[in-house]
Amino acid sequence: PTRMMEKTQLKTADAQSMLEKAQKFPDMEREHVHDVYDHIAGHFSSTRFAIWPEVKRFLDGMPEYSLVGDIGCGNGKYFGAGAHCCMIGGDLSMQLVQLCKNRGHEVVQLDVVRPPY
């Protein structure tokens, strides 16, 4: 019985430690991911121009006027590849969203982990 209690206490301590670490993730993610993408959006966009062949094939196979959602669209590089489709997109970085909007794309800011719908 004493050993079982020790194991239970250890499991409870482990669970508490994991919970405390998980609670820090949103702040760490905001600081080390979200803020970084907003800060480097211009440079990041200039390095993202090549259309992946698999995505091009997928879009080419879509019927005309298909509704396509590019979630995590970045700079919107696939919008042109799916010109025969109704393309909408979303990205967490407001700077990348604004860049897409300036290019005439239909884009909203969203977090793919916590979508607004």
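Select Y65, which is exposed at a relative accessible area of 67% (buried means under 20%, exposed over 50%, partly exposed in between, with a 1.4 Å probe and protein chains only). Y65 sits in the loop between α2 (53–60) and β1 (67–71); helices (H or I, at least four residues) and strands (E, at least two) are DSSP runs numbered from the N terminus. Its phi is positive, about 70 degrees, although Y65 is not a glycine. Most residues other than glycine have a negative phi.

This is a predicted model, where local features need pLDDT of at least 70, side-chain atom pairs count only at pLDDT 80 or more, and totals for chains, interfaces and linings use all residues. Residues are numbered from 1 along each chain as its sequence is written, and side-chain values use heavy atoms, leaving out hydrogens and water.

Next, select S93, in the loop between β2 (86–91) and α3 (94–102). S93 counts as buried, at 3% relative accessibility. Beyond its neighbours within four places in sequence, S93 is in contact (heavy atoms within 4.5 Å) with Y37, D38, A41 and Q109.

Move to V36 in helix α1 (residues 2–46). V36 is partly exposed, with a relative accessible area of 36%.

Helix α1 gives the largest share of the lining, 5 residues.
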